[in-house]
Amino acid sequence: METEGTKPPAEVEDIEEDEEDEEELEEEENDNNCSEDETPVRDESVPVHQYLLDCSYEAIKICNIDFLTDFGSAEPFLIDGDSLVAYALANPYLNRKSGLQMLHVVHVVESTLARMIERSAHFDIFFFEGNAVLWRELDTASVLARAVIIQHFDQMNRARELAGQGPLVKVHHLPGAWWDAGSAALPALVEQCGPSYIVADFGWCGAEGRVLHLTRAFVNHLHLSNLHVVTLADFELDGSHILSNNMQPPRHPRARDKFALAVRELVDLHRPWLA
């Protein structure tokens, strides 16, 4: 039996709930402050590409996930076509000693996409035309392989169009490059497709030097738009699942500001070469 005074008045309950809400908000704010504190301050004696890498290690949370399940197989996403080509070229069964086997490269690309399509994935692919300057830094065979893959996609979709069918995979050719100031090509594509994440790599497979630095910075650039990045290099088949790493955007706005400044510094450093 409940006696008078055993149950707190409604006003007291409301106050307690408000205090709990405030505590939760304070905990969340503390988490954000912790993530900001872990982002290193810019040291001019450290090369900017190394600074970006240090920031990435400290501020970016990486989770191994079954991305088609965790995000949902019905959720659309975008694939960076250049990361895909580099991923195919890094296939350990590719024989480069006797000349690059283009059919094998095409097979690796198609097999990778097929694994996702079989699991009801919904995605588009994009290529930045401006990335050609990065490919020219690599060997001639790699430049040719990229051209072959792009041509393969275009011819496949053209044949399907003539047969009255829709494209098996939509491929978008974006003008310019992501590092172009004021470039709206990728933001427009993101607005059009509404991807839950981007499939790319934190540095193209097999890349070195400035190509590696700039293709890592592309992921940092995507994070500035609060986009998650699922890495191709870490793809692992596990039965009906595809596991990979999800690189989550830095949580704190000040950390993102540091990334933005450093990415711009890196691009400006290489601007004469990229022009």
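# Close-up views of a predicted model

**View 1. Helix 4 and its buried residues.** In helix 4, the buried residues are G81, D82, S83, L84, V85, A86, A88 and L89. Buried means under 20% relative accessible area, exposed means over 50%, and partly exposed lies in between (1.4 Å probe, protein chains only). Helices (H or I, at least four residues) and strands (E, at least two) are DSSP runs, numbered from the N terminus. Eight of the nine residues of helix 4 are buried, so the rest of the structure largely encloses this helix. Its buried residues pack against strand 2, helix 5, strand 3, helix 6 (132–135), helix 7 and strand 5 (197–200). This is a predicted model, where local features need pLDDT of at least 70, side-chain atom pairs need 80 or more, and totals for chains, interfaces and linings use all residues. Numbering starts from 1 along each chain as its sequence is written, and side-chain values use heavy atoms, without hydrogens or water.

**View 2. The whole chain and its confidence.** The chain holds 11 helices and eight strands. Of its 275 residues, 42% are buried. Take the contacts (heavy atoms within 4.5 Å) between residues at least 6 apart in sequence: 74% of them join residues at least 24 apart. The mean pLDDT, the predictor's confidence in each residue from 0 to 100, is 88 for the chain, and 85% of the residues reach 70 or more. Residues 1–8 have pLDDT below 50, and this stretch has three contacts in the model beyond near neighbours in sequence. Residues 32–37 also fall below 50; this stretch has eight contacts beyond near neighbours.

**View 3. Helix 5 and what covers it.** Helix 5 runs over residues 102–117. Its 16 residues reach 22 Å from first C-alpha to last, close to the 22 Å expected at 1.5 Å a residue. The expected span is 1.5 Å times one less than the number of residues. M102, V105, V106, V108, V109, S111, T112, L113 and M116 are buried in this helix. Their cover includes helix 3 (67–70), strand 2 (76–80), helix 4 (81–89), strand 3 (122–128), helix 7 (140–162) and strand 8 (241–247).

**View 4. H172 and its partner D124.** H172 sits in strand 4, residues 170–174. Its relative accessible area is 16%, so H172 counts as buried. The side chains of H172 and D124 make a polar contact at 2.8 Å. A polar contact is a pair of N or O atoms within 3.5 Å; within protein, one must be able to donate a hydrogen and the other to accept it, and residues adjacent in sequence count only if both atoms are side-chain atoms. Setting aside neighbours within four places in sequence, H172 is in contact with D124, I125, F126, F127, L189, Q192 and C193.

View 5. The 15 residues of helix 9 should span 21 Å at 1.5 Å a residue, and the end C-alpha atoms are 22 Å apart, which agrees. Eleven of these 15 residues are buried, so helix 9 is largely enclosed by the rest of the structure. The buried residues are V211, L212, H213, L214, T215, A217, F218, V219, N220, L222 and H223. T215 counts as buried because its relative accessibility is 4%. A polar atom of the T215 side chain lies 2.7 Å from the backbone oxygen of V211. The T215 side chain also reaches the backbone oxygen of L212, at 3.2 Å. Not counting residues up to four places away in sequence, T215 touches L134, D201, G203 and W204.

View 6. The whole structure has 14 aromatic pairs. Rings of Phe, Tyr and Trp (its six-membered ring) pair if their centres lie within 6.5 Å. One cluster is formed by F67, F71, F77, Y87, F123, Y197 and F235. Elsewhere in this view, the charged end of R210 sits over the ring of W273, 3.9 Å from the ring centre. A charge sits over a ring if NZ of Lys or CZ of Arg is within 6 Å of the centre and within 35 degrees of the ring normal.

**View 7. Two residues with positive phi.** S120 lies in the loop between helix 5 and strand 3. Its phi is near 65°, a positive value in a residue other than glycine. S120 is partly exposed, with a relative accessible area of 42%. N226 lies in the loop between helix 9 (209–223) and strand 6 (228–231). Phi of N226 is near 60°, again positive in a residue other than glycine. N226 is exposed, at 52% relative accessible area.

**View 8. P253 and L224.** P253 belongs to helix 10, residues 253–269. P253 is partly exposed, with a relative accessible area of 44%. P253 and L224 are 29 residues apart in sequence, and their C-alpha atoms are 9.3 Å apart in space.

Terms used. Rings of Phe, Tyr and Trp (its six-membered ring) pair if their centres lie within 6.5 Å; planes under 30 degrees apart count as stacked, over 60 as edge-to-face and the rest as tilted.
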